Amino acid sequence: MAKKAVASLQKGGGKEFTKVIITSRSAKTGAYTFKESMIHNDKVKDALAAASK
């Protein structure tokens, strides 16, 4: 199924987006949480900078 999703992103404007996975650690439990999002290539650095704060 992953191959089909990746193949569909290669058509049209899908190459302009990047899947970003941001990892954060919960202060309460110490467990890791992951936030996935599709971000336009021009805004990837801004999203990572905002996540690191």
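The pLDDT is the predictor's confidence in each residue, on a scale from 0 to 100. This structure is a predicted model, in which local features need pLDDT of at least 70 and side-chain atom pairs count only at pLDDT 80 or more, while totals for chains, interfaces and linings use all residues. Residues are numbered from 1 along each chain as its sequence is written, and side-chain values use heavy atoms, with hydrogens and water left out.

The protein chain has a mean pLDDT of 82, and 74% of its residues score at least 70. Confidence is lowest in helix α1 (residues 2-9), where the mean is 59, and highest in strand β2 (residues 32-40), where the mean is 92. Where pLDDT is low, the predicted coordinates should not be read in detail.

The protein chain contains two helices and two strands, and their order along the sequence is α-β-β-α. Helices (H or I, at least four residues) and strands (E, at least two) are DSSP runs, numbered from the N terminus. Of the 53 residues in the protein chain, 9% are buried; buried means under 20% relative accessible area, exposed over 50%, and partly exposed in between (1.4 Å probe, protein chains only). The protein chain exposes about 4800 Å², with carbon and sulfur atoms supplying 59% of this area. Accessible areas come from the Shrake-Rupley method with a 1.4 Å probe, and for residues only the protein chains shown count as cover. Contacts are defined by heavy atoms within 4.5 Å. Among those between residues at least 6 apart in sequence, 24% join residues at least 24 apart.

T23 counts as partly exposed because its relative accessibility is 44%. Beyond residues up to four places away in sequence, T23 touches Y32, T33 and F34. The C-alpha atoms of T23 and F34 are separated by 4.7 Å, although the two residues are eleven apart along the chain. F34 belongs to strand β2 and, with a relative accessible area of 58%, is exposed. Together with I21 and Y32, F34 forms a nonpolar patch on the surface with about 370 Å² of accessible area. Patches are made of residues with over 30% relative accessible area and no salt bridge; like charges are joined within 9 Å, and nonpolar side chains (Val, Leu, Ile, Met, Phe, Trp, Tyr) within 5 Å.

A salt bridge is a side-chain nitrogen of Lys or Arg within 4 Å of a carboxyl oxygen of Asp or Glu. By this rule the count is one salt bridge. The side chains of K19 and E36 form a salt bridge with an N to O distance of 3.3 Å. This pair links distant parts of the chain, K19 being in strand β1 and E36 in strand β2, 17 residues apart. Both K19 and E36 are exposed.

Beyond strand β2, N41 lies in the loop between β2 and α2 (44-52). With a relative accessible area of 37%, N41 is partly exposed. Leaving aside neighbours within four places in sequence, N41 is in contact with K15, E16, F17 and T18. The C-alpha atoms of N41 and F17, 24 residues apart along the chain, are 5.3 Å apart. The side chain of N41 also makes a polar contact with the side chain of T18 at 2.4 Å. A polar contact is a pair of N or O atoms within 3.5 Å; within protein, one must be able to donate a hydrogen and the other to accept it, and residues adjacent in sequence count only if both atoms are side-chain atoms.
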